[in-house]
Amino acid sequence: MNKTDKIPFLDLSTLHAEFEEELVSVFTDALRTGGFVGGPAVEKFEQDFAAFCDARHCVGVASGTDALRFALMAAGIGDGDIVITVPNSFIATTEAISQAGARPVFVDIDDGTYNMHPRELEAYLEGNCYRDEKSGYWRDRKLGRRVAAVIPVHLYGQPADMDVIQEIADRFHLTVIEDACQAHGAEYFSSTDDRWKKAGSMGKAAAFSFYPGKNLGACGEAGAVTTNDALVAQKIRMLRDHGQAKKYFHDVEGYNGRLDAIQAGILEIKLKRLPSWNQARRAAAQRYAELLDNANLGWLAGYEPEWSRSVYHLYVIRVQNRERLMKQLADANIGTGIHYPVPLHLQKAYKYLGYKAGDFPIAEAMASELVSLPMYPQLVAEQQERVVNAIQRFALESVMTTPARKTRYAAAGD
Ligand SMILES: *Cc1c(COP(=O)(O)O)cnc(C)c1O
């Protein structure tokens, strides 16, 4: 490797080159058998992915967005309901909520984990909602709607604090749907059950995306729902296939949201490699932390609580002059990304929700300060050294203030 070679933000071609023939054979098989949609390849992958997630059922669908929308609908969430989530996610999280007929309500995040702050969830429910004695559900006082569900997002591959969120959800009669679209294989230590749990095995249902850049990615669009609830799984099988359990007999109106056989075959091949890829990502994260520490920039390293085993879909650092750092890295031929530049409550599409700047200060600060560094299983130490050297040069030339962080979560008594 040359000292000035491009270090891309994401490198899918190196990843696929390792087993290109195997991938191509999936396509050849499909051509020869004519099996393109559904069939044994889809069923096999569903079984294996369910096992990977320690979940009883997996239903393959066309995208992560479909997975979220179908999971909500199958769990009985829809018309007029409120679904609580975080403002610092990809818009698919809230698209699924509104497209299921519900309304998103946001709560702020923690500045160490970048995930939903359980105390913010509790504060919204206690401060803004009342218990409807007749139904047992809680309602938003201003909106008058039933608060039906909460979607914690395991952002950047780090699980949300599920024990605490589940405890609050139980108390307030909420269904928990995990947005695990960035967290294939992530683990959470549940003190309640005294064991590690996989992302996708904790909520009523969980949504996964297999968009190409995800930790497990298709060569096109794909997604899946995992659940331990047989009825939810059965409903999603109907929803993804035009509401039919038997061909041309439609119990309900559904969607065209199936997983195709070629993507399932490709995912099957890649799933075998996922544990070692996730391990490589964790090793790369560890290496970033060490390199940053050696450069006296240890405070930039990611924060992983002892109950979390992140799969580092992304490796983000927090800096106050992000644009200049990104430019400097680009000049050194190093790719970066921003996830995400505008929090959902300030997007034009959500003007109608009535939020304003200042409503979620932590999510807003993260939206303007986070930079995603190159992160993929094939990232090597020399590349990471170059990235950290470039950050160090930037730090020497500019004032990089240490943001106060990792304090808020601890202060909340968690
Ligand atoms: C990728 C992603 C989705 C949507 O997945 P698609 O497969 O692109 O529809 C949803 N939520 C999060 C957090 C994601 O990162």
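Me: At what angle do helix H4 and helix H5 cross, and how far apart are their axes?
Reply: In this predicted model, the axes of helix H4 (residues 64-74) and helix H5 (residues 92-99) cross at roughly 40° and come within 8 Å of each other.

Me: What do you call that arrangement of H4 and H5, roughly parallel or oblique?
Reply: Angles under 35 degrees count as roughly parallel, and the H4 and H5 pair is therefore described as oblique; the crossing of H4 past H5 is right-handed.

Me: Which residues make that contact?
Reply: On the H4 side the contact uses Thr65, Leu68, Arg69 and Leu72, while H5 brings in Ala92, Thr93, Glu95, Ala96, Ile97 and Gln99. Sorted by class, the contact of H4 with H5 has five nonpolar, three polar and two charged residues.

Me: Switching to the ligand, which residues come nearest?
Reply: There are 14 residues around the ligand, and of these Gly64, Thr65, Gln182, Ser209 and Lys214 come nearest. Thr65 is also one of the H4 residues in the contact with H5.

Me: How far is the side chain of Ser209 from the ligand?
Reply: A polar atom in the Ser209 side chain is 2.6 Å from an oxygen atom of the ligand.

Me: And what are the distances for Gln182 and Lys214?
Reply: For Gln182, an N or O atom of the side chain is 2.8 Å from a ligand oxygen atom, and for Lys214 an N or O atom of the side chain lies 2.9 Å from an oxygen atom of the ligand.

Me: Back to helices, how do H2 and H9 pack?
Reply: Helix H2 (residues 20-33) and helix H9 (residues 261-294) have their axes 9 Å apart and pack at an angle of about 155°, so they are roughly antiparallel to each other. H2 passes H9 in a right-handed crossing.

Me: Who touches whom there?
Reply: From H2 the contact has Glu22, Leu23, Val26, Phe27 and Ala30, and from H9 it has Ile262, Gly265, Ile266, Ile269, Lys270 and Arg273. Seven of the residues in this contact of H2 with H9 are nonpolar, one is polar and three are charged.

Me: What about H10 and H12, what angle do they pack at?
Reply: H10 and helix H12 (residues 381-397) pack at about 130°, with axes 10 Å apart, and they are therefore oblique to each other. The contact draws on Arg324, Leu325, Gln328 and Leu329 of H10, together with Val387, Ala390, Ile391, Arg393, Phe394 and Glu397 of H12.

Me: Where does Tyr340 sit, and what kind of peptide bond joins His339 to Tyr340?
Reply: Tyr340 is in the loop between helix H10 (322-331) and helix H11 (361-369), and the bond joining His339 and Tyr340 is cis, with omega about 10°.

Me: And His242, is its phi positive or negative?
Reply: His242 has a positive phi of about 55°, although it is not a glycine, and His242 lies in the loop between helix H8 (230-239) and strand S12 (244-246).

Me: Why pick those two spots out?
Reply: They are worth a look because most residues other than glycine have a negative phi, and most peptide bonds are trans.

Key: Residues numbered from 1 in each chain as written. Predicted model: local features only at pLDDT ≥ 70, side-chain atom pairs only at ≥ 80, totals over all residues. Heavy atoms only, no water. Axes fitted to C-alpha atoms, helices over the stretch in contact; angles between N-to-C directions. Helix = DSSP H or I, 4+ residues; strand = E, 2+ residues; numbered from the N terminus. Parallel < 35°, antiparallel > 145°, perpendicular 65-115°, else oblique. Left-handed = near helix turned anticlockwise from the far one by under 90°. Contact = heavy atoms within 4.5 Å. Nonpolar A, V, L, I, M, F, W, Y, C, P; charged D, E, K, R; others polar. Near = heavy atom within 4 Å. Polar contact = N/O pair within 3.5 Å; in protein donor to acceptor, adjacent residues only side chain to side chain.
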